[in-house]
Amino acid sequence: MSVSVRFRQAGSWLRSPNVAIGGAITVAFVAIALVSLVWTPYAAEAQNIPARLRPPDAVHWLGTDGLGRDILSMLMVGARTSIAVAFVAVSIAALIGVPIGLWAASRQGTLLDEVLMRANDLVFAFPALLIAILITAVFGPGAINAIIAVGIYTVPVFARLTRAGAIALWPREFILAARVSGKGAVRISLEHILPNILNTLVVQATIQFALGILAEAALAYVGLGVQPPMPSWGKMLADSQMLVSVAPHAALAPGITIFLMVLGVNLLGDGLRDALDPRTGS
Amino acid sequence: MISYTVGRLMSLAISLLLASLAIFLLLEVLPGDPAQFMLGLNATPEAVAKLRSALGLDAPLWTRYFDWLLGLLQGDLGTSYTYKVPISGLVIDRIGVSIPLAVFALLLSMLIAFPVGIIAATRRNSPTDVGIMAATQIGVALPNFWFAMLLVLVFAIGLRWFSAGGFPGWQDPVQALRSLVLPAVALALPQASILARVMRSALLDTLGEDYVRTARAKGLSRRQTLWRHALQNALIPVLTIVGLQFSFLLAGAIIIENVFYLPGLGRLVFQGITGRDLMVVKSVVMLLVFAVVVVTFLVDIAYAMVDPRLRRVAS
């Protein structure tokens, strides 16, 4: 595909309202996370007990929490945690799951295929959040283990999707032509199969990223995510729970933030799917 | 059909066996000695060693695994390290909260999703449809534990219609059900949003099929075609998702039970993790996995009964 065709395609995607709105929200959050590396209104961990539970005003735009920390600053740093955990988890899961799926499809019907797919089923037998809780409970709470926890149940999602897509392609004529020209299974998988299922995989990655954000927040909420003083959205919700009747703003701000982030990424995923597959468009 | 069922039963047994091994090995890696944890930091090494042998912790790994597995097969979930009572007793108490909660949430989810999905599909691209789809996007993106907090803020603290948490027990069924309303709503809403979207797209698929056009050409009204032909076929994928949602509800309940301080299986797992009561964690997690695998199996069988093509594909 030439560069100009790709640009035109990107232009038509942006005309889809879902892609435009979802993309804008997602980009905005990534930008906020990046800005937080160099600037936040206050230091996110700085406690100021006399100024605790302040409602939003000109000094603290989103108010302060139970320890007098600036909620906006905490949300900005929390965006970093949230996005980093979900992004790294989904990327690693795709890097493991996609080759497994390609490999299984190229050996369809063999013992290897059977073993790989049964291993996938095994992970699916555990409710996703239960795996995440067990992993973080066993290896200890923290960012790295949250990534592993979210990544583990995402691997089989990619493996299954890749295998299904690849199996549908293997009998096609252009693959046959590649085989006749002497290409091996690995080269065919990488050069012909992968580019043809990439669209589906990108859409799935978007959906998994949104689920990753929610899972990270849930883990942090029950105390198994990143540890204090590192702010995270889920932890902020947990801290605000006891004070929800006196300081509802402290519970609203992180909740709305998680909601907006997930909504944005989901809209982006839905829009991309519709744009890439005309059959599902309305 | 029989050979299909037997085949599926075999793979169900293998899944459960592998799952038990995975859970057992995972929890073996857990740092910290349960005996040391139970006795505290000041315990003498002799006392710890004595308790270890009393708990059977000094037996070899495989012996412990097979003892546990044999126990499970006989319905013996082991003895809790911290409560010092049989885990089956603890589980039976907690199931009285967890199962009604999951069923309540599942029913609620279907009650919301089915009509909403049908309305959206039959009025495709109308403002109603667009509005419903937008609402489901919101439902999917809401973190359920935050939604639970909002429900508490409005309906428990503000309006005082429901309690903010806790469970009074089934002696008073009305109060018991009341205390499950907010948790069930919190669990059901995101699931209902997903289900409504599945219902809509499944119905749109069947409404475009030739047999639906034939039924209309035969002179059936739109309504008759919908109820007699399209809906029945659309329900197949929808019920698969309902089966899968059971697993989500069980896992989601772990968090929601913590928000509402409900004494369910989720809280039991949590207390087991924080108290290093590995026996409780192992057995309850195995029980949850068992429930998920069995429900998936039942959905597969139901699916194959409705759609004979699947039996051939699988065998």
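The paragraphs below go through a predicted model, from the contact between its two chains to single residues. Local features need pLDDT of at least 70 and side-chain atom pairs count only at pLDDT 80 or more, while totals for chains, interfaces and linings use all residues; side-chain values use heavy atoms, without hydrogens and water. Residues are numbered from 1 along each chain as its sequence is written, and chains are lettered from A in the order in which they are written.

Start with the interface. Chain B brings 39 residues to the contact and chain A brings 37 residues, where contact means heavy atoms within 4.5 Å. The size of an interface is often given as the accessible area lost when the parts come together. Here the buried area is about 3,400 Å², and carbon and sulfur atoms give 82% of it; buried area is the accessible area (1.4 Å probe) that two parts lose on being put together, summed over both. Of the area that chain B buries against chain A, F145(B), W146(B) and M149(B) supply 18%, more than any other three residues.

The rule finds 1 salt bridge between the chains, a salt bridge being a side-chain nitrogen of Lys or Arg within 4 Å of a carboxyl oxygen of Asp or Glu. R197(B) forms a salt bridge with D270(A), and their closest N and O atoms are 2.7 Å apart. On the side of chain B that touches chain A, the largest share, 7 residues, comes from α1(B). Helices are DSSP runs (H or I, at least four residues), numbered from the N terminus.

Within chain A, S82(A) sits in helix α3, residues 71–106. Is S82(A) buried or exposed? S82(A) counts as buried because its relative accessibility is 1%; buried means under 20% relative accessible area, exposed over 50%, and partly exposed in between (1.4 Å probe, protein chains only). Apart from neighbours within four places in sequence, S82(A) is in contact with I213(A), E216(A) and W233(A). By contrast, L37(A), in helix α2 (residues 17–38), counts as exposed at 57% relative accessibility.

Some backbone details remain. In chain A, a cis peptide bond joins P228(A) and P229(A), with omega about 10°. P229(A) lies in the loop between α8 (185–221) and α9 (233–241). In chain B, K84(B) is not a glycine but has a positive phi of about 60°. K84(B) lies in the loop between α4 (61–73) and α5 (87–122), and K84(B) is exposed, with a relative accessible area of 58%.

Conventions
Helices (H or I, at least four residues) and strands (E, at least two) are DSSP runs, numbered from the N terminus.
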